[in-house]
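Please read the points below alongside the coordinates, as notes from one colleague to another. They begin with an annotated feature and then turn to helix packing and a few residue pairs.

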Amino acid sequence: SELTLPACPLSLRHTSPVLPPSAGTATVGYRSAKYSPAEWFSNYHSILQQACDHRVRARSVQRESKTLKQDGEADTQQSQADGTRHLGARLQDIHLLKSELQRSIEQLMADTHALMALKKRLEKALDATQIPYAIATDNLNCRTRRPPADLVRDSVEDELLKEVDLIRSVQALLKRTTAQVASQIAMNREAKQTLELDWSDKQQAYGLDERGGGYSNMSLDTQHHPGSASMQEHASWAEFTQVNLSKAQHEHQTTQSLRALAEGILQDTTEDLRVQCSRVDQAFSRRCEELVEAKTQLEVKLAQILEQIGDQETNIVSLEQAVHNKEAPLRVAQSRLYLRSLRPNMELCRDQAQLRYLHLRYLLFPVSPLLMSFLLASLEQQLREARSSLSRLEESRVALEKDINCKTHSLFIERDKCTAQRRRYPPVSVLSGY
């Protein structure tokens, strides 16, 4: 604004040209450095003018200072109010993120505890497979001690080999799943540690902002901190927390998927092992029934053979007696023919007596030597066949007794050793890891 000069006296408004100080002989002895009246008027006039200017400037500065003070006070109050409001909003944001972090931390803790329990179940299930594996391998070893006649590759052995392969596959699968669960536990703990550090930082920041929000102009613990208004380097505050929360959510989803997978594996492996165990038990049952049936048939046949041996021995005795009984008539007939062969001349003829000894058709008459020889040879041939048949019967008896002993030993291995041992097979709850 334009400055208005104060009114000055008329005598001061008239300005005369400034003249140089007087010099010469006229002033010698009266003055050496005196001003002229014009200089005197000009001097105090300039002082008055300067005072007027300073006074006008001072009033301008006062008005500006008042306006600046009022504006600054309003701006300060508004800025302070905005700062307090922003601090409040910041506290709400921190509280919200703290709540989300706390929820995610608790969720990860629950997931970790669930995975640790699942890992323990997997380890127990893996340990439980050692018993079926020992049973199956011991069954195979026991069955190798069967007699050679029963040492066959039957359905029982096929099912036992399948069971051994299945148990090995189950053990490998449980080991891989246990390693995956252990790895996921480590990742969950790492994510939980990151969230806890973030939560701790926010807890500390919440306390500091809450303390700063409580400051007022009347607070006695405030002071100057030069350089505190510098810009911070970390501008992506919310993004950093969201990344941590997203990672925690990803680990939570992975944990849920892994838990479902592990539960399915435990259920499937348990079911597979029990199904294969049932198949092996059924094969053993069928094999035992076959052995019992074969042993029964062999015992029945042995009884028949023993009975036949007795009958054959009786037959042999009777044949021997018959052969023995034919010796005396044969000697009589041969003796008579010999004596008749000594008849002289015409007396040596074929008379009726001679024919009766020679013709084979007269069986009711005294037997001829030829017929007696034929009968005796037949009896001796029959006796030889009977003795040969008895020898074969004895061989069959020995073979039957040997095979019965073989079946008895095999049945002992199958039923009393293997089947009895399979009763120690773990139940479903143990194979499931409980």
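1. The UniProt record, in an unreviewed entry, places the feature "coiled-coil region" at residues 288-322 and 376-403. In this predicted model, the chain over residues 288-322 is 100% helix and 0% strand, with its end C-alpha atoms 50 Å apart. Residues 376-403 are likewise 100% helix and 0% strand, and the C-alpha atoms at the ends of that span lie 40 Å apart.

2. As for the overall make-up, the secondary structure of the protein comes to 8 helices and 0 strands, so that, read from the N terminus on, the elements run α-α-α-α-α-α-α-α. The protein has 434 residues, of which buried residues make up 28%.

3. Which residues of helix 3 are buried? Helix 3 covers residues 130-143, and its 14 residues reach 20 Å from the first C-alpha to the last, close to the 20 Å expected at 1.5 Å a residue. Its buried residues are Pro-132, Ile-135, Ala-136, Asn-139, Leu-140, Cys-142 and Arg-143. Seen down the axis of helix 3, these buried residues fall within an arc of 165 degrees, so they line one face of the helix.

4. The packing of helix 2 (residues 37-128) with helix 4 (residues 155-213) can be described through their axes, which come within 8 Å and cross at roughly 160 degrees. Because angles over 145 degrees count as roughly antiparallel, that crossing makes helix 2 roughly antiparallel to helix 4. The handedness of the crossing, where helix 2 passes helix 4, is left-handed.

5. Helix 4 also has a crossing with helix 3, the axes of the two coming within 10 Å and crossing at roughly 150 degrees. Helix 3 and helix 4 are therefore roughly antiparallel to each other, and their crossing is left-handed.

6. A residue pair gives a further view of helix 4, where Met-187 has its place. The C-alpha atoms of Met-187 and Thr-112 are separated by 9.5 Å, although the two residues are 75 residues apart along the chain. Is Met-187 buried, partly exposed or exposed? At 35% relative accessibility, Met-187 counts as partly exposed, because that class lies between the buried limit of under 20% and the exposed limit of over 50%.

7. Glu-289 is found in helix 5, which covers residues 237-340. With a relative accessible area of 51%, Glu-289 is exposed, since the cut-off for that class is over 50%. From C-alpha to C-alpha, Glu-289 and Arg-415 are 9.9 Å apart in space, while in sequence they are 126 residues apart.

8. Where does Arg-424 lie? Arg-424 sits in the loop between helix 7 (369-421) and helix 8 (428-431), and, with a relative accessible area of 52%, it is exposed. Arg-424 and Pro-132 are 292 residues apart in sequence, yet their C-alpha atoms are 8.4 Å apart in space.

How values were computed
Residues numbered from 1 in each chain as written. Predicted model: local features only at pLDDT ≥ 70, side-chain atom pairs only at ≥ 80, totals over all residues. Heavy atoms only, no water. Helix = DSSP H or I, 4+ residues; strand = E, 2+ residues; numbered from the N terminus. Expected span 1.5 Å × (residues − 1). Buried < 20%, exposed > 50% of the residue type's maximum accessible area, 1.4 Å probe, protein only. Arc of directions from axis to C-beta. UniProt positions renumbered as here; feature names shortened; annotations may be inferred. Axes fitted to C-alpha atoms, helices over the stretch in contact; angles between N-to-C directions. Parallel < 35°, antiparallel > 145°, perpendicular 65-115°, else oblique. Left-handed = near helix turned anticlockwise from the far one by under 90°.
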